[in-house]
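I opened my notebook and loaded the structure. Here is what I looked up, entry by entry.

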Amino acid sequence: MKADIYHLVTVNDGAADNAAIVQVFSDMAANRLKRDFSLLNYYDEVPVSYGSTIVGVEGDSVELKVHEHQALILRQDNSALIKCPHFHNDLGVHCYASYVNVAKKTVILHNFAYAQIRAERREAVRVRVRDPLPVKFTCGDVEIEGNLVDISGSGVSIHADPVPATDTDQGGVLHLALAGTALKIPGTFVRATADGNDGTTCIFQIKPDPRADTIIGRFIYQRQVEIIQQLKDEVAVE
């Protein structure tokens with residue numbers, strides 16, 4: 001998971017926080033607390049969250065029965081976020097999976113830590129784009145070209161080659177095509193960071209007009225449908 005999705009938080013220290021989180025699961029398993037929690041993963045930026053059932057708590061590990069889609073993503077990510085009102089100050093929790101069986105819908109989680117779930121603060125639904133989709137940002141003599149990484153109704157990020165010197169909050173126009181429709185969307189350069197793939201991830205805020213907003217909304221909805229169908233297809237071949 002990426003840093004823009006969650007941020008780890010230390011309340012006491014790592015060992016004490018882990019023990020406190022495991023104790024919450026122990027109390028829920030023993031019905032001393034209401035069993036009220038859900039797992040959360042982001043699959044191509046789309047949140048996937050289902051309820052789960054506690055099978056047992058042993059040592060520092062928690063065994064759960066989960067939805068098959070959640071199990072599949074857990075196997076891919078090897079980690080998950082957990083939401084539960086019993087955690088300290090309503091913080092979320094990040095954990096790792098030591099065992100995942102998609103067919104049996106069973107996972108064993110361990111190495112728990114408190115986390116702020118940043119992605120839930122997003123004001124707009126975001127989806128990741130897998131197929132190359134060219135984007136160009138222009139502002140006077142400045143041009144930034146690359147491929148779309150993800151998009152929402154209020155922003156986009158693109159993977160670009162080394163980026164020319166560009167001022168933060170510099171306004172310009174983003175040129176791209178969604179579902180065969182060419183769009184020119186006013187945008188503002190936010191920041192650029194090295195992404196570890198011999199390139200740079202550039203983030204822009206956008207202010208689409210009603211037409212562009214409708215096209216973006218349709219694209220996001222269709223992409224969500226594709227992502228959920230992809231999950232179903234991957235489960236079917238297990």
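**Entry 1: the overall chain**

I began with what counts as an element: helices are DSSP runs of H or I with at least four residues, and strands are runs of E with at least two. I also noted that this is a predicted model. With that rule I found three helices and 15 strands in the chain.

Next I looked up the extent of the chain. Its C-alpha atoms fill a box of roughly 65 × 40 × 35 Å along the principal axes. The chain has 238 residues, and 42% of them are buried.

The accessible surface comes to about 12400 Å². Carbon and sulfur atoms hold 47% of that area. For charges, I found 23 positive and 31 negative side chains. The centres of these two sets lie 6 Å apart.

**Entry 2: helix α2**

I picked out helix α2, which covers residues 68-77. Which of its residues are buried? I listed His69, Gln70, Ala71, Leu72, Ile73 and Leu74. After α2 comes Asn78. I noted that the phi of Asn78 is positive, near 65°.

**Entry 3: aromatic pairs**

How many aromatic pairs does the count come to? I got five. I looked at two of them in detail.

The ring centres of Phe25 and Phe37 are 5.4 Å apart. Their planes meet at 80°, so I wrote this pair down as edge-to-face. Phe25 sits in helix α1 (residues 14-29), while Phe37 sits in the loop between α1 and β2 (38-43). The pair therefore ties together parts that are 12 residues apart in sequence. Phe25 and Phe37 are both buried.

The second pair is Phe137 and Phe204, with ring centres 4.7 Å apart. Their planes are at 40°, so this pair is tilted. I placed Phe137 in strand β10 (residues 134-139) and Phe204 in strand β15. The parts tied together by this pair are 67 residues apart in sequence. Both Phe137 and Phe204 are buried.

I also found an aromatic cluster. Phe25, Phe37, Phe87 and Phe112 form it.

**Entry 4: Thr200 in β15**

I went back to strand β15, which runs over residues 200-206. Thr200 is found in this strand. Is Thr200 buried or exposed? Its relative accessibility is 13%. The cut-off for buried is under 20%, so Thr200 counts as buried.

What does Thr200 touch, leaving aside its neighbours within four places in sequence? Its contacts include Ile158, His159, Ala160, Asp161, Pro162 and Val163. Ala192, Thr193, Ala194 and Asp195 are also among them.

**Entry 5: cysteines**

Last, I searched the whole structure for disulfides and found zero. Cys84 is in no disulfide, and the nearest cysteine sulfur, that of Cys95, is 12 Å away. A pair would need its sulfur atoms within 2.5 Å. Cys84 has 6% relative accessibility, so I counted Cys84 as buried.

Cys139 is in no disulfide either. For Cys139 the nearest cysteine sulfur is that of Cys202, 13 Å away. Cys139 is buried too, with a relative accessible area of 17%.

Technical notes
Residues are numbered from 1 along each chain as its sequence is written. This is a predicted model: local features need pLDDT of at least 70, side-chain atom pairs count only at pLDDT 80 or more; totals for chains, interfaces and linings use all residues. Side-chain values use heavy atoms; hydrogens and water are left out. Buried means under 20% relative accessible area, exposed over 50%, partly exposed in between (1.4 Å probe, protein chains only). Contact means heavy atoms within 4.5 Å. Accessible areas come from the Shrake-Rupley method with a 1.4 Å probe; for residues, only the protein chains shown count as cover. Lys and Arg count as positive and Asp and Glu as negative; His and the chain ends are not counted. The place of a charge is taken as NZ of Lys, CZ of Arg, CG of Asp or CD of Glu. Rings of Phe, Tyr and Trp (its six-membered ring) pair if their centres lie within 6.5 Å; planes under 30 degrees apart count as stacked, over 60 as edge-to-face and the rest as tilted.
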